[in-house]
Amino acid sequence: MQLQVENVSFSHFRLSKRGNTLEDHALLRNISFGVNQGERIAIVGASGSGKTTLLRLLNRLAEPTQGSIQFEGKSFQEISVTKLRQQILFVAQEPKLFGMTVREALSYPLSLRNLKDVDRCVDECFERIKIARDWYDRTEQELSTGERQWIAIARGLICQPAILLLDEPTANLDANRSELLLRILAQVDCTVLAVTHQFDWAEQFSQRVLQLERGQLVADTNRADWQAIRTAIAQIEIEEAEEWD
Ligand SMILES: Nc1ncnc2c1ncn2[C@@H]1O[C@H](COP(=O)(O)OP(=O)(O)OP(=O)(O)O)[C@@H](O)[C@H]1O
C-alpha cells in the first residue's frame with residue numbers, strides 16, 4: 001500500500017452549550033482505508049461530513065487525535081513535514097498565490113527543488129494546462145476565483161507529487177476546464193484523491209469512492225455502486241434540509 005490510514009480519529013475541544021466546560025467534538029471517527037499507487041479516488045459526502053478534514057490529515061495540516069497514517073510503509077511521524085508535503089500535495093479549495101504572479105507561483109516550488117530547467121518546465125505546464133499568455137504576469141487580485149483554482153491545480157501538477165489531494169477541484173471551474181482536468185488526471189502517474197460534490201465529474205474521474213457521513217467512513221466501493229451512493233447522499237441532504245426547517 002502507498003498510503004495506509006488506520007483507525008484514525010480527529011477531534012477538537014469546544015465550549016459546552018453552558019459555556020462552563022470543554023467537550024470533545026469528534027470530526028472524524030475511526031477511519032481506516034488503504035490506497036494503492038496510481039489509484040483515482042473520489043471522496044464524497046454531505047457538507048460538514050469531514051472530507052476536507054481528512055485531506056488535511058493526509059497532508060499533516062492537522063494531526064490525528066487517535067490512530068496512525070503511513071506513507072510507503074513509514075509512519076507519518078518518521079517523515080519530515082517538508083518531505084512529506086513534497087510527496088503528498090494538497091490543493092486547497094480556496095487557494096492563495098501569496099502575492100506572486102502566475103509565472104512565479106508555478107516556478108517557486110520548482111526552484112525550491114533546485115531544478116535546473118525551471119523556465120522550460122513552467123512553459124510546458126502552461127502549454128499542457130492551457131494557460132493563456134496574458135495570465136502569466138497576473139497576480140491573485142487579477143484572477144477570478146475559477147482562474148485562481150486552475151493555477152493552484154497547475155501548481156500541484158507541476159510539482160509531480162506521489163499523491164495529489166484535491167479539495168473540490170471543479171467547484172469554480174467552467175465546463176471546459178472541468179473536462180480538461182479529467183483528461184489531464186487520466187494521464188498523470190500520481191495517485192489522486194479528490195473531494196467533490198459533483199457526482200458526474202467524480203464518476204468519470206474515479207475508480208473508487210469513499211463516502212463519509214458525520215465523520216465516519218460509511219462506504220468504500222468501486223464505481224459499480226455509484227447509484228447507491230448518490231441515493232444515500234441525496235437522502236442525507238434531504239434529512240439535513242428538514243432539520244434546518
Ligand atoms: N479546526 C476546526 N475546528 C472546529 N471545527 C472544525 C474545524 N475544522 C472543521 N471543523 C468542523 O468539522 C466539520 C467537518 O468539516 P469539513 O470541512 O471537513 O467538512 P466537509 O465534508 O469538507 O464539508 P464541505 O463539503 O462543506 O466542504 C464541520 O462541521 C466543520 O465546521
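Helix 3 and helix 4 cross in a right-handed manner. The structure described here is a predicted model.

The contact between these two helices is formed on one side by Arg103, Leu106, Ser107, Leu110 and Ser111 of helix 3, and on the other by Val118, Cys121, Val122 and Cys125 of helix 4. Sorted by class, the residues of this contact comprise 6 nonpolar, 2 polar and 1 charged. Helix 3 covers residues 102–112 and helix 4 covers residues 118–128; their axes lie 10 Å apart and form an angle of about 130°. Helix 3 is therefore oblique to helix 4.

Helix 3 also packs with helix 5, which spans residues 145–158; the two axes come within 9 Å and cross at roughly 25°. Because angles under 35 degrees count as roughly parallel, helix 3 is described as roughly parallel to helix 5. This crossing of helix 3 and helix 5 is right-handed. Here Val102, Ala105, Leu106, Pro109 and Leu110 of helix 3 meet Ile151, Ala154, Arg155 and Ile158 of helix 5. The contact of helix 3 with helix 5 has 8 nonpolar residues, no polar residues and 1 charged residue.

The table sets out the two pairs.

| Pair | Axis separation | Angle |
|---|---|---|
| Helix 3 and helix 4 | 10 Å apart | about 130° |
| Helix 3 and helix 5 | within 9 Å | roughly 25° |

The loop between strand 6 (88–91) and helix 3 contains Ala92. Is Ala92 buried, partly exposed or exposed? A residue is buried if 20 or more other C-beta atoms lie within 10 Å of its own, and exposed if 12 or fewer do. Ala92 has 18 C-beta neighbours inside 10 Å and is therefore partly exposed. When residues up to four places away in sequence are left out, Ala92 touches Ala152 and Asp167. Ala92 and Ala152 are 60 residues apart along the chain, yet their C-alpha atoms are separated by 7.9 Å.

Note on methods:
Residues are numbered from 1 along each chain as its sequence is written. This is a predicted model: local features need pLDDT of at least 70, side-chain atom pairs count only at pLDDT 80 or more; totals for chains, interfaces and linings use all residues. Axes are lines fitted to C-alpha atoms, for helices over the stretch in contact, and angles run from 0 to 180 degrees between N-to-C directions. Helices (H or I, at least four residues) and strands (E, at least two) are DSSP runs, numbered from the N terminus. Angles under 35 degrees count as roughly parallel, over 145 as roughly antiparallel, 65 to 115 as roughly perpendicular and the rest as oblique. A crossing is left-handed if the near helix is turned anticlockwise from the far one by less than a right angle, and right-handed if clockwise. Two residues are in contact if their C-beta atoms, placed from the backbone, lie within 7 Å. Ala, Val, Leu, Ile, Met, Phe, Trp, Tyr, Cys and Pro count as nonpolar, Asp, Glu, Lys and Arg as charged, and the others, Gly among them, as polar.
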